[in-house]
Amino acid sequence: MGMTDVLVVGAGPTGLVLACDLARRGAAVQIVDRSPAPPRTSRAKGPNPRSLEILDDLGVAEEVLAAGSAPLPMLKYRDRRPVAEADPWADSAPSPGARYDQGWLIAQWRLEGILRDRLAGYGVRVEPGREVVGLAQGRDEDDRSDEGDGDHVDVTYADGQAGRARYVVGSDGAHSSVRKLLGITFEGTTAEDRVMVCGDVDLAEGVLDRTRWHQWFDEDGAVMLCPIPGTRTGWWFQAGPERDGRGRPLAPTADGFRRLLAHHTALSGRDLTRAELLSTYRVNVRMADRFRAGRVLLAGDAAHVHAIAGGLGMNTGIQDAFNLGWKLGLVLAGHADAELLDTYEEERLPVAARTLDLTSERLRATLEAIRRPGGGLDAAITPDTTGLGVGYRWSSLAAGGRAPGAERPGPRAGDRAPDAPCADAATGVRTRLHRVFAGPRTTVLGFGPGSAAVLRETADAYGGDAGVRVCRVYATHEDRAGAEPGAVVDDAGHASAAYGAGASGDTGAGTVVVVRPDHYVGVLVPADDARSVREYLRRLHGTGRSAERSPGMVDAVR
């Protein structure tokens, strides 16, 4: 029986991001989904700024931006009349440290299509209509390893076929069969009375301004209509449900949507010409008690579901995948020990728990806001919902570097690594640090002449295919004769300011920053602390030249 490196179960945004990240690392990846065809669901409204950074790293951000639209101002009504307008993003602007300052509106099925095409570029296609019904962690007879869970997972499908993988990742949604097969509990609550009906609808052309997200909030219910980018007449429809005589919510129907439209808005029910992908959303707040059982891991909604407020469901899943992909890649390549996978749960479980709290709080604030005329969904938007502030300072992978509370500015180990505009030292072409980080590698940045020795030692140990790149960041006044390929010039000083690496002209020892493949700071130390850099890289990448050669990496940098 042939063995694949990673079987990804579930081909939503979480599974697709993970499969793309693994495929470009040269891992053998298989992705299956129980649906017979890609589902066209009316769900997430698009990536937040942090997810856009991830999609950028994967090489698809431009396509996503072209297929979607910027977030729209919200026009709010009471008793059918407009009473207020709010644009939560009016004051946001890209900054040197964050290119994406706002999320983006794009239909989830469109985003999934872009990711499927990207994956197909690596020769991997989603296998539809394949439902996993059995998982068994096993060991080959000649396997002498002491890893308690054996060296593979045997997989059984509903059609009786079998497969085998070194690792399995369940990204198969809130009703995850992978999670159930592992017997992992999914603690939390479902609020049966907090219900919303959703669907994709067509409205007659011209009846509603497509430059606004329209929100009617009345004392007896609500209707929300947001234009679907890339369509002429398509809208996302969300509403409080119709209820029967005993107050129980009724299932959504096209006629029900027409009645809700006529009741709350100045439109006629006849203006709604089509309704599909109808669903009922209940406030569901649940989390798995662990994200890993041996060689099987959970990601996305399979691991956590939360209130819809703030739009963090799909985004949290995409960020799970980006945290897990590089760790699986390094373990499969033989560079890192399997215990590196423990840091996935160590880092992402607290983030999921905090997201549950945050979304529940935003939902409470939104429900409170809409009781007053002029209140609306903008109550759910806060700086927390960008994802840019998420970090892992508590992680064992953030052990190196500056002590907490140190006065120096800049990020600490575990924080997101800031972006910064700069120029290629050899060509002068504009670039930015997140471009330098892009692709499946760990990056070692060196600021100041004092960093040259550490960068040289790192390049000697890990050059070539070992998955580490070095990048010298020159200040404008520094002599760049003999600059290594890939070096950049911090011509506006944004990079040194972002990393607290001293002002231009500072003749200090210099600073070295190790940036993980998922854009988080692993180590930030003075350049004379080569030992911290060496130990950190050894943990992720083995001893370098003596380590096994990794599969040929496919770089996403275009």
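**View 1. Glu457 and Arg534 meet in a salt bridge, their closest N and O atoms 2.5 Å apart.** A salt bridge here is a side-chain nitrogen of Lys or Arg within 4 Å of a carboxyl oxygen of Asp or Glu. Glu457 sits in helix α10 (residues 452-462) and Arg534 in helix α12 (residues 530-541), so this pair links distant parts of the chain, 77 residues apart. Helices (H or I, at least four residues) and strands (E, at least two) are DSSP runs, numbered from the N terminus. Glu457 is partly exposed, with a relative accessible area of 34%, and Arg534 is partly exposed, with a relative accessible area of 34%. Buried means under 20% relative accessible area, exposed over 50%, and partly exposed in between (1.4 Å probe, protein chains only).

A note for all views: this is a predicted model, in which local features need pLDDT of at least 70 and side-chain atom pairs count only at pLDDT 80 or more, while totals for chains, interfaces and linings use all residues. Residues are numbered from 1 along each chain as its sequence is written, and side-chain values use heavy atoms, leaving out hydrogens and water.

**View 2. Arg416 and Glu53 form a salt bridge (2.7 Å, N to O).** Here the partners are 363 residues apart: Arg416 is in the loop between α8 (342-369) and β16 (421-424), and Glu53 is in helix α2 (residues 49-57). Arg416 is buried at a relative accessible area of 11%, and Glu53 is buried at 4%. By the rule above, the structure has 29 salt bridges.

**View 3. The rings of Phe237 and Phe257 are stacked, because their centres are 4.0 Å apart and their planes at 20°.** Rings of Phe, Tyr and Trp (its six-membered ring) pair if their centres lie within 6.5 Å; planes under 30 degrees apart count as stacked, over 60 as edge-to-face and the rest as tilted. Phe237 belongs to strand β11 (residues 234-239) and Phe257 to helix α6 (residues 254-264), so the pair ties together parts that are 20 residues apart in sequence. Both Phe237 and Phe257 are buried.

**View 4. Tyr392, Trp394 and Tyr520 make up one aromatic cluster.** Within it, the rings of Tyr392 and Trp394 have centres 6.0 Å apart and planes at 90°, so this pair is edge-to-face. Tyr392 counts as buried at 1% relative accessibility, whereas Trp394 is partly exposed at 44%.
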